[in-house]
Amino acid sequence: MLLETLLTKLAMQFTLVRCDQVPAQVITRVQVEGEAMANILQVKPCRSQLQICAQDQVVATLPDLAKDGTALLKFLTVCGTLLAQPHEADPVLPLAIAATTADFQVTLMQAAGMLGNPLGVLKLDGQKFLRVTNDCLRPDSEIGQFLASHVPAIDPEQFYQHLYLTTPEQSPTPLLLTPLSYHNDALGYLAMAITATPLMPKHLTLLPKLGQLIAHVAVAQRVIEKHLSARDQLVNLLLDSPVDATWAAQFRLQHAQLPHAAVIVQAIPTMDRDLGELRERLSYLAAPMFDQVLITLPIRNVWP
């Protein structure tokens, strides 16, 4: 796309201050300040604005950056949409197919290769990496030690926001994070360390898709244990009862009261039905017959 055309379209969505002289060149990529190449539009974050450069020449500025901490991500997202090639194949699909049988670490490494930067699975508290693809994210690294001693800057109320980019006050190396969730349960974050490749629109497109894949594989391979309620834990204990423990002992372990009578039913769907739908159906049928109904769903060991 011609630079002039790109700037005109960007001006429809952002307040751009255009420069008088704009080079007549074709733009194929947009990235945050990094190596200079002929067909790359560079974005240079400054204290109060974004500078947009082509061939090391400032062609426009995006003012008032300080008022919107997500301005850089929004700008890159729009640029990526404008420059996207039609009918591009989904690059995540082959990885998703391979992930059904591959080891979790292999899947994580392949995802990092697609992004060109190291990846790590960050715990929900934002202070420890569970798995990493590069030593720069290990617990004894600069980032690892910083996060371990730092009050988490991630707002739990904003967990489901699209993406989150750390500031220098929040991490010595910029981290682009997307939330990991499984059936609407928060698990943690997939974090990309911006060390090898400058931040580009493709990162904002790929990271959320990869996050969905990584979350399912992490739960299936027990890298991250899906959170279970106290009731689910109790029923799981009953279903997997050790031979040397009574039900009463297991109920006491869960600080629960043993009922005078109980019925345990294991329901196995005969068709490829959603387990959540089966749970609701069982709850509906059992409610008129029992004072209390506890239902738990198993964690599936394959990626759905």
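**Salt bridge, buried glutamine and positive phi values**

R18 is partly exposed, at 32% relative accessibility. The model is predicted. A search of the whole structure finds one salt bridge. In this bridge, the side chain of R18 meets that of E4, at 2.8 Å from N to O. The pair links distant parts of the chain. R18 belongs to strand β1 (residues 17-18), and E4 to helix α1 (residues 3-10). The two are 14 residues apart. E4 is partly exposed, with a relative accessible area of 39%. Side chains of opposite charge can pair when their charged atoms come close.

Q42 was examined next. Strand β3 (residues 40-45) contains Q42. The relative accessible area of Q42 is 3%. Q42 therefore counts as buried, the limit being under 20%. Neighbours within four places in sequence were left aside when contacts of Q42 were listed. The contacts are then Q31, E33, G34, E35, A36, Q51, I52, C53 and D56.

Backbone angles were considered for two loop residues. Q55 is placed in the loop between β4 (49-54) and β5 (57-63). Phi of Q55 is near 55°, a positive value in a residue other than glycine. Q55 is partly exposed, at 48% relative accessibility. R222 is found in the loop between α6 (201-220) and α7 (230-239). For R222, phi is near 60°. This value is positive too, and R222 is a residue other than glycine. The relative accessible area of R222 is 44%, so R222 is partly exposed.

How values were computed
Residues numbered from 1 in each chain as written. Predicted model: local features only at pLDDT ≥ 70, side-chain atom pairs only at ≥ 80, totals over all residues. Heavy atoms only, no water. Helix = DSSP H or I, 4+ residues; strand = E, 2+ residues; numbered from the N terminus. Buried < 20%, exposed > 50% of the residue type's maximum accessible area, 1.4 Å probe, protein only. Contact = heavy atoms within 4.5 Å. Salt bridge = Lys/Arg side-chain N within 4 Å of Asp/Glu carboxyl O.
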